Amino acid sequence: MTAPRFTLLTRLPPRARIAAGAAVVIVTYVYLIATRPTSPHGVGGSAALLALAGYLLGSVLIISGAMSKLTTSTVTLFPMAITINIVIGQLVRISGLPVHLDSIGTVLVAVLAGPAAGAAAGALSSVTVGMTINPGSLPYAVTAATIGLLAGTFARLGLFRRVPTVVLAGVLIGVVAGVVSAPITAFVFGNAGGSLGQSAFIATLQVYGNSMLEAASIQGLVADPLDKVVSCLVAYSVLVSLPPRLRQRFSFVREHSVFGIDRPVVVERAEAVR
């Protein structure tokens, strides 16, 4: 029975898989908010495991659908993005800072190749970390996919052309990421499992009377915007330092004039050749 069901799933159109994954994530999120599955130990037991399964299933569906739409040249960016995320993320985690900086590679891919590529790169990065280094990263694949999706969307809208709008994009991405991550931090991990700085900040908030969800939400809304602004600025700095011709190799950059001045340069050269 398992094989036919899996085959039927893979035959779904990419957009349908992405939509199904998003629906599973939303249902899981609403479930966590509605039931608040806590225990005397701060972790939701079987309910938290169900939440973990929901987020992972949603992430797998999103990855499957997104990967089906990507070109080979885009997929070759993923190892680089995952490596950047892991190396910088683990260094920051060890330092104990209340930020992550584990999505710089995701933003790089999203700005160059678009929302679908960003979502897939982010989710794959979290799954890779979860399967090899830190199992606690697995449910956050949903957050990582959201970060990539938003970064690619904002790049399409032209927010990665100037520093002020890059900062704005980082703030918006951080706010959404903080909201998405809060129930995972609170109800799957009992507000534990993050960096030392994050755990200390959340514990302080709870001491002053905030609930688990409130403390996790406040921590996310304070730390995530700063984290994503820095990540977006670093990614932007790297990308604008690249030769325009290298950026123009990606159709997403050309079609949406992601960096503004790149497109006219390419058009002029093409007309000169003619």
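Reply: The turns below take up a helix, its surroundings, salt bridges and a pocket. Please keep in mind that this is a predicted model.

Me: How many residues of α6 are buried?

Reply: Burial is judged from relative accessible area, with under 20% counting as buried. In α6, ten of the ten residues are buried, so this helix is largely enclosed by the rest of the structure. Among them are Ile104, Val107, Leu108 and Ala113. The cover over these buried residues includes α4 (72-75), α5 (78-95), α7, α8, α11 (212-240) and α13 (251-256). After α6 comes glycine 114, with a positive phi near 105°.

Me: Which residues does threonine 106 touch, leaving aside those up to four places away in sequence?

Reply: Threonine 106 belongs to helix α6, which spans residues 104-113. With a relative accessible area of 2%, threonine 106 counts as buried because that value is under the 20% cut-off. Beyond four places in sequence, threonine 106 touches Ala81, Asn85, Gly118, Ala121, Gly122, Ala144 and Gly148.

Me: How many salt bridges does a search of the whole structure find?

Reply: Side chains of opposite charge can pair when their charged atoms come close. Here the search finds two salt bridges. In one, the side chains of aspartate 224 and lysine 228 meet at 3.0 Å, N to O. These two residues are four apart in helix α11, so about one helical turn separates them. In the other, lysine 228 meets aspartate 227 at 2.6 Å, N to O.

Me: Are aspartate 224, lysine 228 and aspartate 227 buried or exposed?

Reply: Aspartate 224 is buried at a relative accessible area of 6%. Lysine 228 is buried at 2%, and aspartate 227 is buried at 1%.

Me: What lines the second largest pocket?

Reply: Rolling a probe the size of a water molecule over the atoms shows where empty space is left. The second largest pocket has a volume of about 420 Å³. Its lining consists of 17 residues, and Ile18, Ala22, Ile62, Ala119 and Leu149 lie nearest the centre. By class, the lining has 14 nonpolar, one polar and two charged residues.

Me: Which helix supplies the largest share of that lining?

Reply: The largest share, six residues, comes from α2. At least two lining residues each are supplied by α2 (14-35), α3 (45-67), α7 (115-132) and α8 (141-156).

Conventions:
Residues numbered from 1 in each chain as written. Predicted model: local features only at pLDDT ≥ 70, side-chain atom pairs only at ≥ 80, totals over all residues. Heavy atoms only, no water. Buried < 20%, exposed > 50% of the residue type's maximum accessible area, 1.4 Å probe, protein only. Contact = heavy atoms within 4.5 Å. 1 Å grid on protein atoms, 1.4 Å probe; cavity = no way out; pocket = protein on both sides within 12 Å on 5 of 7 lines; lining within 4 Å. Points joined across faces, edges and corners; volume = space filled by probe spheres on them. Nonpolar A, V, L, I, M, F, W, Y, C, P; charged D, E, K, R; others polar. Salt bridge = Lys/Arg side-chain N within 4 Å of Asp/Glu carboxyl O.
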